[in-house]
Amino acid sequence: MTASTRILAEFARTARIGPIGCGAALPELVAALGRPFVGDPVDSTSRWPRWFGYGNLQLVVCQCRLVVQVIVPVWHGEIEVPDARTHAMVSHPSEVTYSQFTAALDAVGCDWRRGRDLPGQCTVESEVDGIRTGFVFVTTEGYDEPPLADPVLNKAVSSAFHDCPPLTPDQEGDDFGVA
Ligand SMILES: [Zn+2]
């Protein structure tokens, strides 16, 4: 099992990559990993939720500073994620096929199901504590191409809803919400 296959299978099983995952608080991520890249608001009409980034992990953070979505872009050919021990950002080649990934899910004891197929893609889903994570595989190289013998992972998207706790004064601004 390659490093990226193991990391992504554990992401399916636990909904976490190191400290990163839906429900994590941004100040805790800053304490553990340092400052993230700061992106734009998700919707230009509202300051929150906003995009943040660690490595090539893309996080959507609510104004209450809880992570509500994590996107792992796999199409770049590598994933850049915090190392489990050192929390330094590490790159791993990320070519992962459907058969490799589903075998890895079974190996790590992850409960998974097949999602709804769309033209050109298929999806594997897991759910942990109300956090749903989908792994999207590309099933053809292009519209007129024959199906791939083994679909290739394109991205993973983890999402969860939450009820916001009351905002603290530290959360009124645009920063990380750290006191
Ligand atoms: Zn919230």
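**Group meeting: contacts, sheet and core of a predicted model**

Let me start with contacts. Counting pairs in the protein that sit at least 6 apart in sequence, 52% of them join residues at least 24 apart. Keep in mind throughout that this is a predicted model.

Now the overall dimensions. A compact globule of 179 residues would have a radius of gyration near 16 Å, and the protein comes in at 17 Å, which agrees. The C-alpha trace spans about 55 × 35 × 25 Å along its principal axes. As for burial, 28% of the 179 residues count as buried.

The secondary structure amounts to three helices and 10 strands. Reading from the N terminus, the order is α-α-β-β-β-β-β-β-α-β-β-β-β.

Next, the sheet. Eight strands make up an open sheet, ordered β1-β2-β3-β4-β10-β9-β8-β7, with antiparallel pairing. Which strands stand at the edges? They are β1, residues 37–41, and β7, residues 113–114; each has a single partner strand, so one side of each has no neighbour in the sheet.

Strand β8, residues 121–128, and strand β9, residues 131–140, are antiparallel and share eight bridges. Along that pairing, Val124 is opposite Phe135 in β9, and Glu125 is opposite Gly134 in β9. The hairpin of β8 and β9 has two residues between the strands, and Asp129 there has a positive phi near 50°. Asp129 is not a glycine. Is Asp129 buried or exposed? Asp129 has 10 C-beta neighbours inside 10 Å, so it counts as exposed.

The second pairing is β9 with β10, antiparallel again and also joined by eight bridges. Here Val138 has Val152 in β10 as its bridge partner. This hairpin has six residues between its strands.

Then there is the pair of β5, residues 78–82, and β6, residues 89–93, which run antiparallel over five bridges. Glu80 is opposite Ser91 in β6. Six residues lie between the strands of this hairpin, and His87 takes a positive phi near 65°. His87 is in the loop between β5 and β6, and it is a residue other than glycine. With 15 C-beta neighbours inside 10 Å, His87 counts as partly exposed.

One more loop item concerns a peptide bond. The bond from Trp48 to Pro49 is cis, with omega near -5°. Pro49 belongs to the loop between β1 and β2, the latter being residues 50–54.

On to the core. The largest nonpolar core has 36 residues, and those touching the most other members are Leu8, Ile20, Leu57, Val67 and Phe101. Which element gives the most to this core? Helix α1, residues 3–14, does, with five residues.

So let me look at α1 itself. Helix α1 has 12 residues and reaches 16 Å from its first C-alpha to its last, close to the 16 Å expected at 1.5 Å a residue. Its buried residues are Ser4, Thr5, Ile7, Leu8, Ala9, Phe11 and Ala12. For background, an α-helix has 3.6 residues a turn, so residues three or four places apart point the same way. The cover over the buried residues of α1 includes β5, β6, α3, β8, β9 and β10. After the helix comes Ala15, with a positive phi near 65°.

Leaving aside residues up to four places away in sequence, Leu8 touches Val96, Phe101 and Ala156.

The other is Ser4, also in helix α1. Why does Ser4 count as buried? Because Ser4 has 23 C-beta neighbours inside 10 Å, and the cut-off for buried is 20 or more. Ser4 and His92 are 88 residues apart along the chain, yet their C-alpha atoms are separated by 5.9 Å.

How values were computed
Residues numbered from 1 in each chain as written. Predicted model: local features only at pLDDT ≥ 70, side-chain atom pairs only at ≥ 80, totals over all residues. Core = buried A, V, L, I, M, F, W, Y, C linked by C-beta atoms within 7 Å. Buried ≥ 20, exposed ≤ 12 C-beta atoms within 10 Å, placed from the backbone. Helix = DSSP H or I, 4+ residues; strand = E, 2+ residues; numbered from the N terminus. Contact = placed C-beta atoms within 7 Å. Pairing = 2+ DSSP bridges. Rg over C-alpha atoms; globule rule 2.2 N^0.38 Å. Expected span 1.5 Å × (residues − 1).
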